Amino acid sequence: MDEGVFIYLSTMVFILGLSVGSFLNVCIYRIPEGMSIVSPGSHCPKCGHELKPIELIPVVSFLALRGRCKVCRAPISFRYPGIELLTGIVFFWVFLKNGFSYDTLVLWIFSALLIVVAFVDLDHRRIPNPLIVAGLILGILPIAGILLDFYTVYSGDWFSILEGMLIPTLLLLAFSLVSGLISGSRGLGMGDVKLYLVIGTFLGWHLSFLSLWIASVLGGLLGLAWLLFRKGSRHTEFPFGPFIAVGAFVSSIYGSEILQWIFG
Ligand SMILES: [Zn+2]
């Protein structure tokens, strides 16, 4: 690809990611509250001022308004432009690895879903069922791609798809039940277990296991620090969703290479 064309396309992909990130902010805020993600339009939570299109440009509006509502000057969280930037970077990353392909389209949708899951879990310590249902519906895309042979993240037939959905989920379910019996507390939430139905559909069971392994290493280290240094209740739940999201994203991009490297 010509360098100029590549820079142009990358910029477009990045801007697409920023705009999708702006929509993900809405999803993260509204889905756990059971609110509609399409109406009403975005407004200031403090004064109710409805945002004009010019105030909805990702990142740019935030900088132009110096992080405050135009009307009441209430501060806007840095997280909004942060999630927009994160989505922009993630979209570019997927594009860089897969070019313009069906894989890219599916993995853009998959990573958008993971970003929402990560931040909702961080905020509420749960993964709401509507998110799982949305993930399973969007899972039609990788399933169709596998059956028609134009999705290359993993390959196979109906049986491989079922294996992807069921093996990691059932294993996690067993782990969750056993650890719950032993420790008397919920080590792993049912939301995390159900999330693996979705991850398994998009990644197949090999990459799902890898994602779980990455999540456990990252989450295990931070979970230990959490146990040692956290203040407050002993029973404050550790949010595992963000680690699963990182593990699943890394597996979706570098999974085959990592597995090849480990198993030769
Ligand atoms: Zn306001």
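Biologist: Which residue just after H4 takes a positive phi?

Modeller: First, a caution: this is a predicted model, so local features need pLDDT of at least 70, side-chain atom pairs count only at pLDDT 80 or more, and totals for chains, interfaces and linings use all residues. Residues are numbered from 1 along each chain as its sequence is written. Helices are DSSP runs of H or I, at least four residues, numbered from the N terminus. With a phi of about 55 degrees just after H4, the residue is arginine 125.

Biologist: How far apart are the end C-alpha atoms of H4?

Modeller: H4 has 23 residues. The expected span is 1.5 Å times one less than the number of residues. That gives 33 Å, which agrees with the distance in the model: 33 Å.

Biologist: Are H1 and H4 parallel, perpendicular or oblique to each other?

Modeller: H1 (residues 3-30) and H4 (residues 102-124) pack at an angle of about 40 degrees. Axes are lines fitted to C-alpha atoms over the stretch in contact, and angles run from 0 to 180 degrees between N-to-C directions. Under 35 degrees counts as roughly parallel, over 145 as roughly antiparallel, 65 to 115 as roughly perpendicular and the rest as oblique. H1 and H4 are therefore oblique.

Biologist: Which residues in H4 do Val20, Leu24, Cys27 and Ile28 in H1 meet?

Modeller: Contact means C-beta atoms, placed from the backbone, within 7 Å. By that rule, the H1 residues meet Ala112, Ile115, Val116, Phe119 and Val120.

Methods:
Helix = DSSP H or I, 4+ residues; strand = E, 2+ residues; numbered from the N terminus. Contact = placed C-beta atoms within 7 Å.
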